[in-house]
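Subject: Structure handover

Dear colleague,

Please find the structure below. My notes on helix packing and pockets follow it.

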Amino acid sequence: MPRKKVTTVPSDAPKADGDISWQAQKSAMTRDRILEAAINSFVELGYTNVTTAKVASSAGVSRGAMLHHFPSKTELIQAAVEYLHTRLLEDYTARVASIPAELTDAERRRAGIEAYWEHLVGDLFVVYHELCIASRTDPELKAILEGSQQSFEDHVRETNTELFSEWKDRGERFALAMDVTKFMMEGMAAGHLAVNREARIRRLLNYLTDRMEEIFEEEEGSAIGRHSAS
C-alpha cells in the first residue's frame with residue numbers, strides 16, 4: 001500500500017484567522033491576569049514592596065511572559081494605573097446604575113452619595129489612595145498618575161452627566177457639586193476616624209446631602225451662585 005503523503009505547512013505560513021484570534025485572546029487574558037496581580041500586590045504588599053518578579057509569581061506567569069507584556073516596572077505601573085482607573089470607573093458606574101429606578105429627585109441624589117461612599121471604601125479605591133501617597137516621594141509614579149487622572153475625571157463627569165441628568169441645566173453648579181462631593185468624601189474615606197466612626201460618617205453624609213440640595217436649588221444671587229460662577 002502506498003504511503004499517504006503528509007502535507008506540511010511552513011512555520012512562517014499565515015495562520016488561520018481562528019488561530020490568530022485565539023492567540024490574541026490568550027495574550028489579552030495573560031495581560032489582564034498580570035494587571036490584576038499587580039493591583040492585588042499593591043493591596044497586600046504596598047506599592048514600595050511590589051516588584052515585577054512578585055507580580056509574575058502572583059499572576060502565575062513566567063518571567064518571559066512578564067517581560068513580553070511589560071519589559072520594565074515603569075511600563076507595568078503605567079498599565080496598572082490605567083487598568084485601575086478603568087476598574088474604578090466600572091465599579092462606580094455599576095453601583096450608581098443599581099440605584100432603584102423608582103427613586104427620583106432628592107432621594108436619587110442621596111442614593112448617589114451612598115453609592116459613591118461604598119465605592120470609596122472598596123479595595124480599588126484603597127489601592128488608588130496607596131498609589132497617591134507613594135507618589136509624593138516617587139516622581140515617576142507621580143507623573144504616571146497625573147497623566148491619567150484628568151482622563152479619569154473626564155470619564156466620571158461624563159458618567160455623572162448621564163446618570164444624574166437633572167444636573168445638566170445647572171452649569172457650573174454641577175462642577176461645584178462634584179468637587180465638594182469628591183474632596184469631602186475622599187477625605188472621609190482616607191481619614192482615620194477611630195472614635196464613633198460610623199455615627200460621624202453618617203452625620204457627615206447627611207450634611208453633605210443637604211449641601212448638595214442647596215447647591216441644586218439656590219438662586220444665582222446666593223453664595224453658591226457666586227462661587228459656582230464661571
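A crossing is called left-handed if the near helix is turned anticlockwise from the far one by less than a right angle, and right-handed if clockwise. This is a predicted model, where local features need pLDDT of at least 70, side-chain atom pairs count only at pLDDT 80 or more, and totals for chains, interfaces and linings use all residues. Residues are numbered from 1 along each chain as its sequence is written, and side-chain values use heavy atoms, with hydrogens and water left out.

Helix α4 (residues 73-97) passes α7 in a right-handed crossing. Helices here are DSSP runs of H or I, at least four residues, numbered from the N terminus. The axes of α4 and α7 (residues 139-163) come within 10 Å and cross at roughly 20 degrees; axes are lines fitted to C-alpha atoms over the stretch in contact, with angles from 0 to 180 degrees between N-to-C directions. The two helices are therefore roughly parallel (angles under 35 degrees).

The largest pocket holds about 630 Å³ of space. A pocket is an open set of points on a 1 Å grid where a 1.4 Å probe fits, with protein on both sides within 12 Å along at least five of seven lines; lining residues have an atom within 4 Å of a point. Of its 29 lining residues, Y92, V156, N160, M178 and T181 are closest to the centre. Helix α8 (172-190) gives the most to this lining, with 8 residues.

The second largest pocket has about 150 Å³, and α6 and α8 each supply at least two residues of its lining.

Regards

Key: Parallel < 35°, antiparallel > 145°, perpendicular 65-115°, else oblique. Points joined across faces, edges and corners; volume = space filled by probe spheres on them.
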